[in-house]
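Please read the following points with the sequence and the model side by side. They begin with the two-part division of the chain and end with some local details.

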Amino acid sequence: MEGVTDKRSLKTTFHSSDIIIESPGRINLIGEHLDYNGGQVLPAAINLKVRLNFKKNGTRKCNCYSKNYDNHFEIDLDKVEVSEKEWHNYFLGVVHFIEQAHPNKIKGFDCIVESDLPIGSGISSSAALECGFAKGLDALFSIGLSDDEVITISRDAEHHFVGTKCGIMDQFAVVRGKKGKLIRLDCNDLSFEYISANIEPYSIVLLNTNVSHNLATSEYNLRRQECDDALKAIQEKYPEHDVLARVPEDIVKEFESKLASKIFNRLLYVVQENARTITASEALENENLKTFGQKMFESHEGLRNLYQVSCEELDFLVDFAQEHEGVIGSRMMGGGFGGCTINLVHKDRMDSFITEAALAYDLKFNIRLSPYTVAIGDGVKRIK
Ligand code: GLA
């Protein structure tokens, strides 16, 4: 069979797919920018998803089509390299790293992607795409990838093809998510446990600012570098401390006068956020939701002032939420510089909160807000 490049043929693929995968986005209740610092995080998969349809096409070409972008591109299996187009790199990276670990398993295929996940909104549409794509190829060609491999292949694609030196949280949540459960993940040794998301009578509401400042990738990679610099300085005196999130606060204080203030602030944020995340997840287990929510507000303060990854649109929404009596916790979520805030909102006040926030945001920035009330769902899975 010839490579299927025209849209009409892709439509046929869509209706007669061999494999269909659903791959979710993720939220993170608390523990931001800690995954690459060996800290604790509290993510979960959500009920917003990417759907991927796969069919073999009997060639050496792979046709990838995004329904959302109405855009198509072709991968030549004999020439898989980094592309100038960012969205191609998610696919290329995954094919490259599967091929490296399991040579010659992938043959030609058609893949159609459609997504509920807004790009650049901090709910990890990229990890959803990469993990879903890896899982689909695994099923289509009986490769035998383990869940751990799906996670690391997707992370490596992000590092080496897309260019974001991300941590492991997003891929982990997308693959290991479980309905109704948060994942308490220790990013130092990747040990984890599921904890029940008992948040009644509150709901999780995401407010998408619909801005995505283009600093996001460069500043993200810079934060990683700054954290490495802080750790190196600490290790010169205390070589036994090799995990930034776990450096004791008294040692942190000692470095206040020794580090550039910016680097010191990054360090302080990381250590404080880790402690906050531990306190918050204990509070959740004890059904102390007020404390949990308070820790979310504190997390935002740290991200805004010390880690400096927020932006005025996110700050506006968190400030607004803090004044709203139905909200017990709010903060920016994900890498920052735009995207969503995550809010714990009383069920009876949800409609008024969303309406009032959208109005205030529109008045201030002349931008439409996109609200999402999310449920915690399962990780990536094959549905056909
Ligand atoms: C992005 C990255 C994650 C994590 C978050 C911040 O989503 O992909 O690895 O670092 O930002 O917590």
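1. The domain assignment divides the protein into domain 1 (7-197) and domain 2 (202-373), with bounds that come from an automatic or database domain assignment. This is a predicted model, in which local features need pLDDT of at least 70 and side-chain atom pairs count only at pLDDT 80 or more, while totals for chains, interfaces and linings use all residues. Residues are numbered from 1 along each chain as its sequence is written, and side-chain values use heavy atoms, with hydrogens and water left out.

2. Between the C-alpha centres of domain 1 and domain 2 there are 25 Å. Their contact, meaning heavy atoms within 4.5 Å, takes 35 residues from domain 1 and 44 residues from domain 2.

3. How much area do domain 1 and domain 2 bury between them? The value is about 3,000 Å², with 61% of it on carbon and sulfur atoms; buried area here is the accessible area (1.4 Å probe) that two parts lose on being put together, summed over both. On the side of domain 1, I30, E32 and H33 lose the most area to domain 2, and together they make up 21% of what that side buries.

4. The elements giving two or more residues to the side of domain 1 that touches domain 2 are β1 (19-28), β2 (40-41), β7 (181-186) and β8 (191-196). The residues of that side divide into 13 nonpolar, 16 polar and 6 charged, where Ala, Val, Leu, Ile, Met, Phe, Trp, Tyr, Cys and Pro count as nonpolar, Asp, Glu, Lys and Arg as charged, and the others, Gly among them, as polar.

5. Side chains of opposite charge can pair when their charged atoms come close. A salt bridge is counted when a side-chain nitrogen of Lys or Arg is within 4 Å of a carboxyl oxygen of Asp or Glu, and this rule gives 29 salt bridges. Between domain 1 and domain 2 the count is 3 salt bridges. R184 forms a salt bridge with E285, and their closest N and O atoms are 3.3 Å apart. This pair links distant parts of the chain, with E285 in helix α8 (residues 261-285) and R184 in strand β7, 101 residues apart.

6. The protein has 11 helices and 13 strands, which are DSSP runs numbered from the N terminus (helices H or I, at least four residues; strands E, at least two). Its C-alpha atoms fill a box of roughly 65 × 55 × 40 Å along the principal axes.

7. Some loop positions deserve a look. V80 lies in the loop between β5 (71-76) and α2 (86-101), and, leaving aside neighbours within four places in sequence, V80 is in contact with I75, L92, V95 and H96. A cis peptide bond, with omega about 0°, joins E200 and P201, and P201 lies in the loop between β8 and β9 (202-212).
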